[in-house]
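Come along while I look things up one by one.

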Amino acid sequence: MDQKKVVIIGAGISGLVACKYCISKGLNPIVFESQSDIGGVWAKTIKTTRLQTFKGMYQFADFPWPSSVTQDFPTQNELLTYLRSYADHFDLLKHIQFGSNVKGIDYQGPSSWSNWNGIMKTVPNGKWKVTVESVQTHSTMVQEADFVILCVGRFKDVPNIPEFAPGTGPEVFRGKVVHSMDYAAMDDGKAEEFVKGKRVVVVGFQKQGLDIAMECSSVNGTEYPCTVVYRNDRWKVADFSPWGIPLTYLYFNRFSELMVHKPGEGLLLALLATILSPLRWGISKLVEAHVKRKLPLAKFNAVPERSFAKDLRSCLIAALPEDFFNRLETGSIILKKSPSFSFYNDGILIHGQTKPIEADIVILATGFKGTQKLKNVFTSQHFSELIAPSTDSRVPLYRECIHPRITQLAIIGFSESLSNLFTSEIRCRWLVELLEGNVKLPSVEEMDKDILNWGDYMKESSGEYYQRSCLMGLDIWYNDQLCKDMGWNPRRKNGFWADLFQPYGPMDYANP
Ligand SMILES: Cc1cc2nc3c(=O)[nH]c(=O)nc-3n(C[C@H](O)[C@H](O)[C@H](O)COP(=O)(O)OP(=O)(O)OC[C@H]3O[C@@H](n4cnc5c(N)ncnc54)[C@H](O)[C@@H]3O)c2cc1C
Ligand SMILES: NC(=O)c1ccc[n+]([C@@H]2O[C@H](COP(=O)([O-])OP(=O)(O)OC[C@H]3O[C@@H](n4cnc5c(N)ncnc54)[C@H](OP(=O)(O)O)[C@@H]3O)[C@@H](O)[C@H]2O)c1
């Protein structure tokens with residue numbers, strides 16, 4: 001039988017799970033991975049990184065965490081071991097070509113989904129040409145593909161570096177400037193040596209910035225305090241059970257989703273969401289009161305302006321490292337809030353303050369340009385612009401998986417959720433049904449409309465951060481659509497009340 005070629009780019013969690021499900025449909029995918037190991041972002045992190053999603057939510061539906069991992073939030077090492085055993089168990093390694101950097105992909109032929117009927121039955125309009133460079137030898141080869149699955153991730157490789165007016169950027173600074181990804185790439189001992197006895201400024205106050213500031217303060221104490229320079233306060237969670245109620249019961253069950261206006265909802269759901277909106281507001285205030293009770297946010301002028309609900313729906317919530325506020329109290333970490341900053345010879349100048357911050361090292365924990373990374377994969381400007389006209393645009397994907405105008409290609413792992421592993425897995429299950437011809441795609445116009453509806457929902461729920469592509473807080477509604485497409489019953493619980501109030505997790509989807 002003519003075996004159609006599926007190429008997967010990336011062997012992080014999304015690439016591994018895509019590979020596993022392709023194999024389950026009798027395909028023989030090739031996975032190109034530029035690094036020498038699986039795991040993507042989990043292959044190497046800073047020493048203290050652990051999951052910030054509860055492990056029950058961050059596990060494969062048919063491969064649970066082993067009983068030897070007892071903590072709710074496993075360490076990076078435990079996670080990597082778990083991924084390696086997943087890859088071994090499903091015999092994935094033989095499909096992966098490590099040290100193979102995809103330089104670009106290009107489609108030759110007219111691009112259209114209109115006659116899509118599964119990879120074996122559709123007569124392809126054209127083929128993808130995947131140009132792969134060997135990291136070792138720098139030689140290149142071109143692999144043809146009938147279908148490409150992009151699993152290149154968004155929090156790795158392409159750093160977001162702030163821009164500065166001439167003469168005010170890193171070039172005038174006598175110390176060292178690195179991005180958090182360079183710091184994370186260092187061996188643990190080297191990272192410690194790097195910051196030891198140094199005046200360190202960390203720019204950025206989300207998860208990576210928090211963790212790096214903690215590491216610096218552990219190494220240097222109050223002798224060389226670590227200064228965190230940041231623009232906006234975001235809600236941080238010190239625990240996942242405000243007032244003793246697990247957050248999943250407040251934001252990740254069907255009842256919580258009834259309080260939210262949904263993309264393309266009908267009249268009844270819209271009415272219900274409006275009626276329940278005071279409750280939605282009340283829950284957000286309840287969580288905020290809990291966080292403020294536990295953490296001295298007001299004392300450090302760190303109370304966020306936006307609501308907890310809005311930050312959550314924008315995927316802007318970070319788990320606070322234990323002891324963080326103690327470090328602020330004792331002075332081994334100092335917070336400096338400012339809308340902007342610049343460099344001078346000996347450190348950093350922050351807007352509105354005359355006293356400069358002297359520094360030896362500045363670590364930019366300023367995140368990543370995930371959209372740029374995705375755009376870079378496409379050789380042709382046409383496809384790159386379809387993915388996003390600019391790096392600030394939202395990536396328009398139907399079911400957050402395929403672009404209506406880029407045929408024979410899927411993107412897994414771009415838009416975020418409560419648990420990115422859980423979401424990547426269910427997307428891959430949808431995708432292989434699409435590959436088999438069991439998921440019928442609507443017309444391009446209908447896909448566009450659905451994408452617009454989601455865009456409108458995101459603008460309403462996340463405000464100025466809508467382009468972040470975040471499903472958090474509407475995970476079940478999203479999964480329902482994938483289930484319906486696949487012909488599965490979206491109601492996965494036993495009984496009406498359980499279905500309404502119990503949180504949904506990966507194991508609810510173990511069987512179709
Ligand atoms: C430190 C850290 C902690 C996180 N913690 C959580 C968490 O607690 N919960 C959660 O839900 N999410 C978390 N995330 C988000 C995380 O990104 C996802 O959970 C998930 O691991 C992403 O997997 P991925 O395979 O989609 O992407 P990645 O892990 O980024 O993998 C992409 C892979 O593609 C490869 N690749 C990229 N471009 C090319 C190319 N051109 N050619 C060949 N190979 C290429 C890369 O080398 C990489 O191996 C965290 C992210 C970071 C950075
Ligand atoms: N499991 C874990 O423990 C763990 C650890 C690390 C990372 N992660 C995950 O990895 C992803 C990336 O995290 P991240 O912390 O690297 O990035 P991030 O969440 O994108 O945060 C970037 C930070 O940099 C700031 N920033 C961006 N541009 C700036 C500029 N021009 N000037 C000043 N500040 C700027 C942002 O400020 P504004 O908020 O003002 O925009 C924000 O504080 C997230 O999904 C995170 O959850 C998880």
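**Ground rules.** I am working with a predicted model, where local features need pLDDT of at least 70, side-chain atom pairs count only at pLDDT 80 or more, and totals for chains, interfaces and linings use all residues. Residues are numbered from 1 along each chain as its sequence is written, while chains are lettered from A and ligands numbered from 1 in the order in which they are written.

**Ligand 1.** I looked up the shell first. I found 33 residues around ligand 1, the closest being Gly10, Gly12, Gly40, Gly153 and Gly413; a residue counts as near if its C-beta atom, placed from the backbone, lies within 6 Å. The elements giving two or more residues to this shell are α1 (13-24), β4 and α14. Helices here are DSSP runs of H or I with at least four residues, and strands are runs of E with at least two, numbered from the N terminus. By class I noted 13 nonpolar, 17 polar and 3 charged residues. In this scheme Ala, Val, Leu, Ile, Met, Phe, Trp, Tyr, Cys and Pro are nonpolar, Asp, Glu, Lys and Arg are charged, and the others, Gly among them, are polar.

**Ligand 2.** Which residues are closest to ligand 2? I read off Pro162, Gly204, Gln206, Gln208 and Gly367, out of 24 that surround it. Helix α5 (residues 207-220) gives the most to this shell, with 4 residues. The shell divides into 8 nonpolar, 11 polar and 5 charged residues. Domain 1 (6-157 + 369-509) and domain 2 (170-238 + 295-364) both contribute residues, so ligand 2 lies between them. The domain bounds come from an automatic or database domain assignment.

**The core.** I then turned to the largest nonpolar core, which has 131 residues. Such a core is a set of buried Ala, Val, Leu, Ile, Met, Phe, Trp, Tyr and Cys residues joined through C-beta atoms within 7 Å. Ala18, Val148, Ile149, Val202 and Leu431 have the most contacts inside it. Helix α14 (residues 420-436) gives the most to this core, with 9 residues.

**Tyr21.** I picked this residue in helix α1. Is Tyr21 buried or exposed? Tyr21 is buried, because 22 other C-beta atoms lie within 10 Å; the cut-offs are 20 or more for buried, 12 or fewer for exposed, and partly exposed in between, with C-beta atoms placed from the backbone.

**A sheet.** I traced an open sheet of 3 strands in the order β4-β5-β6, with antiparallel pairing. Its edge strands, β4 (100-108) and β6 (140-145), each pair on one side only. Pairing needs at least two DSSP bridges; β4 and β5 (residues 127-134) share 8, and β5 and β6 have 6. Ser100 stands opposite Ser134 in β5, and Thr131 opposite Val142 in β6. The hairpin of β5 and β6 has 5 residues between the strands, with His138 in the turn at a positive phi of about 65°.

Most residues other than glycine have a negative phi. Asp323, with about 80°, sits in the loop between β12 (318-319) and α11 (324-330). Ser469, with about 55°, is in the loop between α15 (444-462) and α16 (475-486). Asp323 is partly exposed, with 14 C-beta neighbours inside 10 Å, whereas Ser469 is buried, with 23.
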